[in-house]
Amino acid sequence: MSRSRSRARRVPLHAAALLVFVLSAFPVYWMVLTAFKPTADIQSETPVFLPTSVTLDHFTKAFEADGFWLFWRNSLIVTVGCVVLALIVALGAAFAVARLRWKGRRGFILMVFIAQVAPWEALLIPMYIIARDTDMLDRLATLTLIYFMITLPFTIVTLRGFLTAIPVELEEAAQVDGCTRAVAFRRVTLPLLAPGLLATSLFGFITAWNEFAFANMLIIKNQDDRTLPVWLSSFSNVFGTDWGATMAASTLFALPVLLLFLVLQGRVAAGMTSGAVKG
């Protein structure tokens, strides 16, 4: 009786979870479906929820569109640069916060938390003014630094949790065996920190890859330095928006993040779990 009651109580929760999943996944499903639909089905007054025929013409148009590969490269350069910089700086900051004791440590942690919860939109105008006054508009390096600044607080907080979960006694034992502090960290702690590095790098990759507002505001004159989100917003043909090609380009845009997540999902899940043990 108790088991049947417990199962009965879980039915509304499961139904609510299923509803949330459907509402979240349906836009993605519709995007991919539209990318493969023939133009006649896309423009039909009656929605087609299951494909009756499939075409790859929209993907061909997206591949052959002017600037697709250039802007794909720009997005990749900015995203990878942001992730690498954030990991390097955040790793040192997280080590200092988690392993060392120094004056102002708690204040530093508080400032990092405040920076993490600050809305990005509040930085749009100040960043534009700074970039304009320092002649840094229309440069991929500016976008890279801004994305690095946006992802850095989260990376520091997350890596600090991962480092705190790793016993410091492991490093101390390596130092007793003759390793310096740096060598002990590199040989003992860093391999154990790999899931956390993957988890934080995935977050930074998704954040920088999908960002639109700063890229649209800071890249004005030099159109060749635009990123894929900005290019997608203006993707149209002579007769208006080509929804099939637009959805195909959007699917290709989302594909790198999806593939990266599928490859790293096991390590990311392990990293997020271990990082939540201590904070």
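User: What classes of residue make up the lining of the largest pocket?
Analyst: Keep in mind that this is a predicted model. The lining of the largest pocket has six nonpolar residues, one polar and no charged ones.

User: Which residues are they?
Analyst: Val 28, Met 31, Val 32, Thr 251, Ala 254, Leu 255 and Leu 258. Thr 251 is the polar one.

User: Which helix gives the most to that lining?
Analyst: α13, with four residues. Both α1 (2–36) and α13 (243–275) supply at least two.

User: And how much space is in there?
Analyst: About 180 Å³.

User: OK, switching to cavities. How many of 30 Å³ or more are there?
Analyst: The structure holds two.

User: What lines the largest cavity?
Analyst: Val 97, Ile 109, Val 112, Phe 113, Ile 156, Val 157 and Arg 160. That's six nonpolar, no polar and one charged. α5 (105–117) and α7 (140–165) each bring at least two of the lining residues.

User: And the second largest cavity, how do its lining residues split by class?
Analyst: Five are nonpolar, three polar and one charged. Among them are Ser 75, Thr 79, Tyr 147, Trp 209, Glu 211 and Pro 229.

User: Which helix gives the most there?
Analyst: α4, with three residues. α4 spans 68–99, and α10 (194–210) also supplies at least two residues of that lining.

How values were computed: Residues numbered from 1 in each chain as written. Predicted model: local features only at pLDDT ≥ 70, side-chain atom pairs only at ≥ 80, totals over all residues. Heavy atoms only, no water. 1 Å grid on protein atoms, 1.4 Å probe; cavity = no way out; pocket = protein on both sides within 12 Å on 5 of 7 lines; lining within 4 Å. Points joined across faces, edges and corners; volume = space filled by probe spheres on them.
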